[in-house]
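Subject: Structure handover and notes

Dear colleague,

Please find the structure below, followed by my notes on what came out of going through it. I have kept to what was computed from the atoms, and I would be glad if you read the notes alongside the coordinates.

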Amino acid sequence: MTLLYLMINGLQIGSIYALVALGYSMVYGIVKLVNFAHGEIIMVGAYSMWYVMSRFSVPAWLAAALSVAICSVLGMFIEKIAYKPLRNSDRLSLLVTAIGVSLLLQNLAQLFFTANPRMFTNIFAGTVTIGERQFSNATTVTIAVSTIIMIGLTLLVKRTKIGKAMRAVSEDKETATLMGINVNNTISFTFALGSGLAAVAAVFYCCSYSQIQPTMGGMLGLKAFVAAVLGGIGSIPGAMIGGLCIGIAESLTKGYISSKLTDAVVFGILIVVLLIKPSGILGRRQNEKV
Amino acid sequence: MSALFKSNPFRYSLNAVSVAGLYAVIMFLIETGVLNRYQALMLIPIGFNIILAVSLNLTAGFLGQLPLGHAGFMSVGGYAAALFSMSASLPTNVELPLALAVGWIVAAAFGLVIGLPALRLKGDYLAIITLGFGEIIRVIILNLKFTGGAYGLKGIGRQTTVTWVYICVVITLFIIGALIKSRHGRAIISIREDEIAAEASGIPTTYYKALAFTVSAGFAGVAGGLYAHYLSIMDPSSFGFMRSAEILVIVVLGGLGSIFGSVVSAIALTILPEALRGFSDYRMVIYSLLLVAVMIFKPSGLCGRYEFSLGDTIDGLCSRIRGALSGKGGGGDGGGS
Amino acid sequence: MAAVLDVSNLGINFGGLQALDDFNIQVRSREIVGLIGPNGAGKTTVFNLLTNVYHPSKGGISLTGRNTLGKATHEVTKYGIARTFQNIRLFKSLSVIDNVRIALHNSMTYSLLEACLRLPKYWRQEAAATKFSRELLGVFGMEAVADAPAGSLPYGAQRRLEIVRALATNPKVLLLDEPAAGMNPSETSELMGTIRGVRDKFEVAIILIEHDMSLVMGICERIIVLNYGLIIAQGEPDEIRNNPLVVEAYLGQQRGSSPCSR
């Protein structure tokens, strides 16, 4: 196991975490909710891709696009049905609701697809050689596409009108409304965008790990959430950095310590970050005014 | 107020009589076969679900902080109790209570150790960090030798009986109910209401947060001990986040901040899935739908903290007296303060 | 007569912004002191420092002869300081009497064990606390609403309940943060009576932040004017009324020039 090999593998899984973490971070930034159901969106993305491909044998790119679309709509739908009615109630209720939605999606998947794992064929077959080592195309494509998406997202948030609206709503909903921004649409868009990214992450995840099951979103989502917290929740570049850090930490733990302990290391990072700097690497500290 | 004060002995005896009476009724139903063997066995999971829900309510409902690792404390207490009883060889009626006490102490110690750093955080962050701790506990138990690793523990004495569960439920309800209605409980509740104002009113908030966490974890540990000695096996995979979430559903459905609600809800949600055995596949789907629906349509839960917990009657004591006076109505939950 | 509160040279900065500097004040028992100044002058910061919600970057506070440096808020409360909040912070879903009983926490001494086992000490102290709470509420004419949720009270009553709750901690110094905010003139004049009554009956020193000049000038024996974190004037109401620096701070003439050379 060379360091380079571990680093590149870390970057690959880290890119996936980063894509998911972006969803957590954007949603948190805009509605101050830890969207527990986000991990399950990944699972839905994976199952919809698998289902479309195995049932209707459509080309992979179309299946991936469909899965992104399904997840985006699902994300918006969940927000409208479950979160919007609670927008002004206390945070605890919102968090409990998110946990409920997460459990619901997971158990529905179990009902429809059973708890047995399904096999998923890698749509990026083949390998590339970097230095001495061979890497699967899935690895390189994941890293490349994720990078492009993250750059695109940064530009979207920084340069476009909807991006400006997102930033305004996350600062102050009332004021944003007064400025003529449609807060509901902006929140919907954020959920759609985050869920779409989760679907992309799902596609990459399935190509590398080839197995999907109803509970897959839980741990993946949690780790991505850890990445979001590490980077500073609410911060988009933070989510990217956090994702990559967690991916690399996990890969190094696997390589040098023990693959059994990766989960413990990831949650250990979470606890250390929360205790030392709860606002994360790039987050802003918020104090309650007395 | 002096009239109420004078009635204390009366209230005590009333409670003692109803606790003993309910026990007699349950035993009579089992002996005469009105409750069949299977139904009688249902009483045990009802019991530890009550303990789990009431103890989680202490932190989620009264302290107002949502821990997501309650199953972690349950497993710690369960393993500790099981390891104790497996290494000791004492008569059953001495061994089980000692094992449960060990479960309480070890789980409470974990609660304190985890609580002290975690409680520097609030709200979502606290929820997440406890979830993290819960997962770490699970991973560690999976990788330790003396806990049996992934195989868990087998051959734990089957010592949990309806009687022991009943005793534990009564003790839990009494202690947590009494705690909530004292100055210490009011201090815990004031933190939920407004931490800054609580601190300004002279409440040492850090102490009371840690206290609530410790006591809550301790009773989860007792439930774990009962569970271990009921199934006679401990399997680390049954204490994940899902289990914590199930307990949360019970508490939320019953009403955050209502002990009475937790008891009712624990009974209902333990019996319901069994009653609908044909639908066992749908159990968690129904649970999660319930959770979302309750949050949207009645966030205060079935019993709502306003009727029972907050205001002046936090432990549901008065309602129980009222129920008893109006013809033995609401005595179905045993115990109380 | 010795000061119950002695603050010397207090200062704090928030990430480079000097929110308060060189703040000195001695408050005698049963004195009513007004703290005024334009928005953002640092008035609430003073209260937060006095109650150790913030910890000062320099200077010290002595409360009834004890140094409060580094203590937690609840400990300082025990030394004898209590406050109300600008944006009312009641325990809203709890009953009015429970709001008061929570503040009596430290006047009860029964332990956790005594509470869980319901030993006689528990019953005795709880009964006494309840009786005391009702009497205290009675002094403020709130006995009738003792069992109503605090959040259901009308605005003025909520402000009054905050004062009752603060008094329940048995303070020597009472800090009132904009007690008349949102009140109409008749409510304000009633409040003035209440504040004087509190001082006389409970023998506390009172420091109050207020924008309503009729109240400040009406009841304060001494007024301190803050601007940009510095004391620009202090004295009796008449002196303050005619002080050009104060007028300038409020009306904003020559904004930007330092107002601290006197």
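What pLDDT does chain B average, and what percentage of the residues score at least 70? This is a predicted model, and for chain B the average pLDDT is 83, with 86% of the residues scoring at least 70. Among the elements of chain B, helix 1 (residues 2-6) has the lowest mean pLDDT, 43, whereas helix 8 of chain B has the highest, 96. Two stretches of chain B call for care in reading: over residues 1-6 of chain B the pLDDT is below 50, and this stretch has five contacts in the model beyond near neighbours in sequence, while residues 306-316 of chain B, where the pLDDT is also below 50, have 33 such contacts. For chain A the mean pLDDT is 88, and 98% of its residues reach 70 or more.

Turning to the makeup of the chains, chain B has 15 helices and two strands, and 56% of its 337 residues count as buried. Of the contacts in chain B between residues at least 6 apart in sequence, 81% join residues at least 24 apart. Chain C, for its part, has 10 helices and 10 strands, and buried residues make up 44% of its 262 residues. In chain C, 66% of the contacts between residues at least 6 apart in sequence join residues at least 24 apart. The C-alpha atoms of chain C fill a box of roughly 65 × 40 × 35 Å along the principal axes, and its radius of gyration of 19 Å agrees with the value near 18 Å that a compact globule of 262 residues would have.

The contacts between the chains come next. On one side, 34 residues of chain A are in contact with 33 residues of chain B. Helix 4 (91-113), helix 9 (216-231) and helix 11 (262-276) of chain A each supply at least two residues of the side of chain A that touches chain B, and helix 4 of chain A gives the most, with 14 residues. By class, the residues of this side of chain A divide into 23 nonpolar, seven polar and four charged.

Between chain B and chain C, 26 residues of chain B are in contact with 33 residues of chain C. Here helix 7 (162-180), helix 8 (183-193) and helix 9 (195-200) of chain B each supply at least two residues of the side of chain B that touches chain C, the largest share, seven residues, coming from helix 8 of chain B. This side of chain B has 13 nonpolar, seven polar and six charged residues. Helix 8 of chain B is also the element of that chain with the highest mean pLDDT.

The largest nonpolar core has 285 residues, and those with the most contacts inside it are A:Val20, A:Ala46, A:Ala201, A:Val226, C:Val173 and C:Val225. Helix 8 (residues 183-209) of chain A gives the largest share of this core, 16 residues. Leaving aside neighbours within four places in sequence, A:Val20 is in contact with A:His38, A:Ile42, A:Ala198, A:Ala201, A:Leu220, A:Gly221 and A:Ala224.

Finally, the strands of chain C. An open sheet of four strands has the order 2-1-4-5 in chain C, with antiparallel pairing. Strand 2 (17-28) and strand 5 (66-67) of chain C stand at its edges with a single partner strand each, so one side of each is left without a neighbour in the sheet. Strand 1 (residues 3-14) and strand 4 (residues 58-63) of chain C run antiparallel and are joined by five bridges, and C:Val7 has C:Ile61 in strand 4 as its bridge partner.

Strand 8 (residues 205-209) of chain C is mostly covered, with five of its five residues buried. From this strand C:Ala205, C:Ile207 and C:Ile209 point one way, and C:Ile206 and C:Leu208 the other way. Strand 3 (residues 32-36) of chain C pairs with strand 8 of chain C in the parallel sense over four bridges, with C:Leu35 opposite C:Ile209. Strand 7 (residues 173-177) of chain C also runs parallel to strand 8, joined to it by five bridges, and C:Leu174 stands opposite C:Ile206.

With best wishes

Note on methods:
Residues are numbered from 1 along each chain as its sequence is written. Chains are lettered from A and ligands numbered from 1 in the order in which they are written. This is a predicted model: local features need pLDDT of at least 70, side-chain atom pairs count only at pLDDT 80 or more; totals for chains, interfaces and linings use all residues. The radius of gyration is taken over C-alpha atoms; the globule rule is 2.2 Å times the number of residues to the power 0.38. A residue is buried if 20 or more other C-beta atoms lie within 10 Å of its own, exposed if 12 or fewer, and partly exposed in between; C-beta atoms are placed from the backbone. Two residues are in contact if their C-beta atoms, placed from the backbone, lie within 7 Å. A nonpolar core is a set of buried Ala, Val, Leu, Ile, Met, Phe, Trp, Tyr and Cys residues joined through C-beta atoms within 7 Å. Ala, Val, Leu, Ile, Met, Phe, Trp, Tyr, Cys and Pro count as nonpolar, Asp, Glu, Lys and Arg as charged, and the others, Gly among them, as polar. pLDDT is the predictor's confidence in each residue, from 0 to 100. Two strands pair if DSSP finds at least two bridges between them.
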